[in-house]
Amino acid sequence: MDAQNSAKVNTRKRRKEAPGPNGATEEDGITSKMPRCAVGLRQPAPFSDEIEVDFNKPYVRVTMEEASRGTPYERPVRVYADGIFDLFHSGHARALMQAKNLFPNTYLIVGVCSDELTHNFKGFTVMNESERYDAVQHCRYVDEVVRNAPWTLTPEFLAEHRIDFVAHDDIPYSSAGSDDVYKHIKEAGMFAPTQRTEGISTSDIITRIVRDYDVYARRNLQRGYTAKELNVSFINEKKYHLQERVDKVKKKVKDVEEKSKEFVQKVEEKSIDLIQKWEEKSREFIGNFLEMFGPEGALKHMLKEGKGRMLQAISPKQSPSSSPTRERSPSPSFRWPFSGKTSPSSSPANLSRHKAAAYDIRYSYLEQSKFGPDVLLAQVQLGLTEKDGQAPESQQGGHTEDSVDP
């Protein structure tokens, strides 16, 4: 029996690490992808007192072997599962799914205990009985809901609802003065075990709310609930409002810090980019500067070319050494107009002095060319004055003895 059912019953134990789609795990036996189809019911499950039952037909309970092999379609295996179902959660839904899949052809009946029974035997509930009935009705695995279900199952109740098996977890459930309220069901061979979902239960949810009571109270006050509705005192109400303001300020400060960090990070990135661009441009600028003004730069070559051209312009060309020398005939004397004197430059002494001055000019230029053209011109003028020793006679206004009146 157990070997046959173990392949069909999903354990439904939740693993907190590496959950699959919709919280499913590998043990759930659910594939990660499946064809999309509309398998859900369109209406909630009916209540048992709203269904017509033909009591004239005899009721014969099926055995576990017959149920495991599969029963005819018109005779499904009737499985009953009961509980409080307060704060209906996924653990409840998984337990009902396991009960629905116990046999190939299963009709699942779910019994929900009333508030009176629950408060007497278990404790106060968060949801009232109407809310709990409605929550179970809308579970897709449920075929029928029994309201005001009994705390202990009697033979009369099992016969009235024609129940074949009772599904519940195998942990002994001690209540109502009994160590296990399902003990007689197990002895009768009508018990079908399911497994609990670890990590979630109604008690766990209530524990979370009680532990974080201040947080939820502040949350509901912020959403418009009054302190009276929440059973919160005047002092606690003011305290919660103050805490809410402090949290808002903290959040703003945190947002400002995050924005400032982002801004600083962007500035650093921009500064790094600017420094890199500046380095690239500076290398290019330094290279161009060295090409222009460096030791072997273009400016030095330009100055050398200019100096050579100036030397060529100032220095006269020498006659070829092979050319025969011949004496030049003295130039005819120049007579000044309205004067009987000849030009001072026509005398032999003046000609010799001019030749010596030209030689000194060439020598001085070669020695002093580094001082520039202005210094050069001044030296030329000074040389002419020093070589002559005195101003030309024409400038002194004198007349030579050889002058002839016109």
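The side chain of Gln 98 reaches the backbone oxygen of Gln 195 at 2.9 Å, a polar contact in the sense of a pair of N or O atoms within 3.5 Å, where within protein one atom must be able to donate a hydrogen and the other to accept it, and where residues adjacent in sequence count only if both atoms are side-chain atoms. The model is predicted, with local features requiring pLDDT of at least 70 and side-chain atom pairs counting only at pLDDT 80 or more, whereas totals for chains, interfaces and linings use all residues. Residues are numbered from 1 along each chain as its sequence is written, and side-chain values use heavy atoms, with hydrogens and water left out.

Gln 98 belongs to helix 3 (residues 90-100), helices being DSSP runs of H or I with at least four residues and strands being runs of E with at least two, both numbered from the N terminus. With a relative accessible area of 2%, Gln 98 is buried (under 20% relative accessible area; exposed is over 50% and partly exposed in between, with a 1.4 Å probe and protein chains only).

Asp 115, located in helix 4 (residues 115-121), also counts as buried, at 16% relative accessibility. Its side chain is joined to that of Arg 132 by a polar contact of 2.5 Å. When residues up to four places away in sequence are not counted, Asp 115 touches Thr 125, Met 127, Asn 128, Glu 129 and Arg 132, contact meaning heavy atoms within 4.5 Å.

In strand 3 (residues 144-147) lies Val 146, which at 3% relative accessibility counts as buried. Residues touched by Val 146, again not counting those up to four places away in sequence, include Ser 48, Tyr 80, Ile 109, Phe 157 and His 161. Val 146 and Glu 50 are 96 residues apart along the chain, and their C-alpha atoms are separated by 10.0 Å.

The axes of helix 9 (residues 213-222) and helix 10 (residues 234-293) come within 10 Å and cross at roughly 90°, so the two helices are roughly perpendicular to each other (65 to 115 degrees). The contact involves Tyr 213, Asp 214, Ala 217, Arg 218, Leu 221 and Gln 222 of helix 9, together with Tyr 240, Gln 243, Glu 244 and Asp 247 of helix 10. The buried residues of helix 10 are Tyr 240, Glu 244 and Ser 282, and the buried residues of this helix pack against helix 9. At 1.5 Å a residue, the 60 residues of helix 10 should span 88 Å, which agrees with the 86 Å between its end C-alpha atoms (the expected span being 1.5 Å times one less than the number of residues).

Note on methods
Axes are lines fitted to C-alpha atoms, for helices over the stretch in contact, and angles run from 0 to 180 degrees between N-to-C directions. Angles under 35 degrees count as roughly parallel, over 145 as roughly antiparallel, 65 to 115 as roughly perpendicular and the rest as oblique.
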